Amino acid sequence: MAAWKSILLDTLKLTDEVKRLNTQTEKLSDRMIDIDKRVVRIETLVEVSKIKAITPKKKTMVLRRENAKRIIRIIRRCTAVIWP
């Protein structure tokens with residue numbers, strides 16, 4: 001009987017440990033999603049600034065076709081990460 005009691009106690013302890021680890025994993029997952037969103041925003045800012053550096057200053061209102069395609073790709077990538 002003592003063996004069953006110890007097995008039951010060990011099972012309860014392990015169950016609590018698994019629950020605790022599960023909640024910690026969920027918290028880490030949420031933080032990683034937030035960090036990923038921030039990284040995507042930074043990448044977008046960098047790519048947009050590169051595009052602005054490439055375009056001539058006199059024609060800032062008119063986008064070249066290549067730059068427009070880049071911007072569309074950036075927007076699609078951002079929305080895919082935020083809204084999978």
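Author: Thr44 counts as buried, since its relative accessibility is 19%; buried denotes under 20% relative accessible area, exposed over 50%, and partly exposed the range in between, with a 1.4 Å probe and protein chains only. The model is a predicted one, in which local features need pLDDT of at least 70 and side-chain atom pairs count only at pLDDT 80 or more, while totals for chains, interfaces and linings use all residues. Residues are numbered from 1 along each chain as its sequence is written, and side-chain values use heavy atoms, with hydrogens and water left out.

Thr44 belongs to helix H1, which covers residues 2–54. Helices (H or I, at least four residues) and strands (E, at least two) are DSSP runs, numbered from the N terminus. The protein chain has 2 helices and 0 strands. When residues up to four places away in sequence are not counted, Thr44 touches Ile74 and Cys78, where contact means heavy atoms within 4.5 Å.

The relative accessible area of Val48 is 30%, so Val48 is partly exposed.

Arg70 itself is located in helix H2 and is partly exposed, with a relative accessible area of 34%. Together with Lys50, Lys69 and Arg73, Arg70 forms a patch of positive charge on the surface. Helix H2 (residues 65–82) gives the most to this patch, with 3 residues. Patches are made of residues with over 30% relative accessible area and no salt bridge; like charges are joined within 9 Å, and nonpolar side chains (Val, Leu, Ile, Met, Phe, Trp, Tyr) within 5 Å. Lys and Arg count as positive and Asp and Glu as negative, while His and the chain ends are not counted. The place of a charge is taken as NZ of Lys, CZ of Arg, CG of Asp or CD of Glu.

Side chains of opposite charge can pair when their charged atoms come close. A search of the whole structure finds 1 salt bridge, defined as a side-chain nitrogen of Lys or Arg within 4 Å of a carboxyl oxygen of Asp or Glu. Glu17 and Arg20 form this bridge, with their closest N and O atoms 2.3 Å apart. Because Glu17 and Arg20 are 3 residues apart in helix H1, about one helical turn separates them. Glu17 is partly exposed at 34% relative accessibility, and Arg20 is partly exposed at 37%.

Helix H1 also holds Leu8, which is exposed, with a relative accessible area of 54%. Leu8, Leu9 and Leu12 make up a nonpolar surface patch with about 290 Å² of accessible area together. Accessible areas come from the Shrake-Rupley method with a 1.4 Å probe, and for residues only the protein chains shown count as cover. The protein chain as a whole exposes about 7900 Å², of which carbon and sulfur atoms supply 64%. Buried residues make up 8% of its 84 residues, and Thr44 counts as buried.
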